[in-house]
Amino acid sequence: MTEYFLLFGGAFAAATILPFYSEVYLAILLSEQPANWALLWLVATAGNTLGAVLNWWLGQYMLHYRERRWFPIKARELERAQSWFQRFGVWSLLFAWLPIGGDALTFIGGIMRVKLAHFVVLVGIGKGLRYLVVILFADALLF
């Protein structure tokens with residue numbers, strides 16, 4: 001049971017700014033218990049999606065402080081990100097799984113006030129598909 005909590009926590013952390021790669025731990029667990037792939041997929045997807053929800057919430061909350069000097073995103077960068085998001089729309093959240101820019105997308109989703117239900121569905125689909133690909137690769141390599 002501990003390994004599921006660790007996978008959830010690692011997947012959650014990986015969706016934030018913390019440098020963690022939950023795919024590696026997922027592959028290790030798959031090598032130890034391949035029959036539980038569906039449960040492992042569900043735990044990893046849920047953890048990673050909830051970590052993205054934290055980014056979404058921070059995006060909504062932190063926007064109040066955008067005029068402060070310590071705000072992590074400069075005004076010009078924020079405008080460019082918002083413009084990009086408006087251009088590609090809410091569907092860009094399907095790419096929140098990307099290792100570069102994916103976390104920023106979830107933060108921008110919060111800034112742009114994407115409805116939480118839409119956010120969770122789109123981000124969850126993308127992250128779930130990513131973990132499914134990891135499982136398929138792990139299956140091909142390990143078994």
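Me: In which hand does H3 pass H6 in this predicted model?
Reply: H3 and helix H6 (residues 116-142) pack with their axes 8 Å apart. The angle between them is about 140°. The hand of the crossing is right-handed.

Me: How do the residues of the contact of H3 with H6 divide by class?
Reply: H3 brings residues including Trp37, Trp41, Ala44 and Trp56. H6 meets them with, among them, Phe119, Val123, Lys127, Arg130 and Tyr131. By class, the residues divide into 13 nonpolar, five polar and two charged.

Me: How many charged residues has the contact of H1 with H3?
Reply: Helix H1 (residues 2-14) packs on H3 at about 35°, with the axes 7 Å apart. H1, too, passes H3 in a right-handed crossing. On the H1 side, the contact is made by Tyr4, Leu7, Phe8, Ala11, Phe12 and Ala14, and the H3 side includes Leu39, Leu40, Val43 and Leu54. The contact has 13 nonpolar and three polar residues, and the charged count is none.

Me: What is the class make-up of the contact of H3 with H5?
Reply: The crossing of these two helices is right-handed. H3 gives Ala52, Asn55, Trp56, Leu58, Gly59, Gln60 and Met62, while H5 gives Asp103, Thr106, Phe107, Gly109, Gly110 and Ile111. The classes come to six nonpolar, six polar and one charged.

Me: Are the rings of Trp57 and Tyr61 stacked or edge-to-face?
Reply: The structure holds four aromatic pairs. In one of them, Trp57 and Tyr61 have ring centres 5.2 Å apart. Their planes lie at 5°, so the pair is stacked.

Me: What separates Trp57 and Tyr61 along helix H3?
Reply: Both residues sit in helix H3. They are four residues apart, so the separation is about one helical turn.

Me: Where is confidence lowest, and where is it highest?
Reply: The protein has a mean pLDDT of 89, and 99% of its residues reach 70 or more. Confidence is lowest in helix H4 (residues 75-88), at a mean of 81. At 95, it is highest in helix H3.

Methods
Residues numbered from 1 in each chain as written. Predicted model: local features only at pLDDT ≥ 70, side-chain atom pairs only at ≥ 80, totals over all residues. Heavy atoms only, no water. pLDDT = per-residue confidence, 0-100. Left-handed = near helix turned anticlockwise from the far one by under 90°. Contact = heavy atoms within 4.5 Å. Nonpolar A, V, L, I, M, F, W, Y, C, P; charged D, E, K, R; others polar. Phe/Tyr/Trp six-rings, centres within 6.5 Å; stacked < 30°, edge-to-face > 60°. Axes fitted to C-alpha atoms, helices over the stretch in contact; angles between N-to-C directions.
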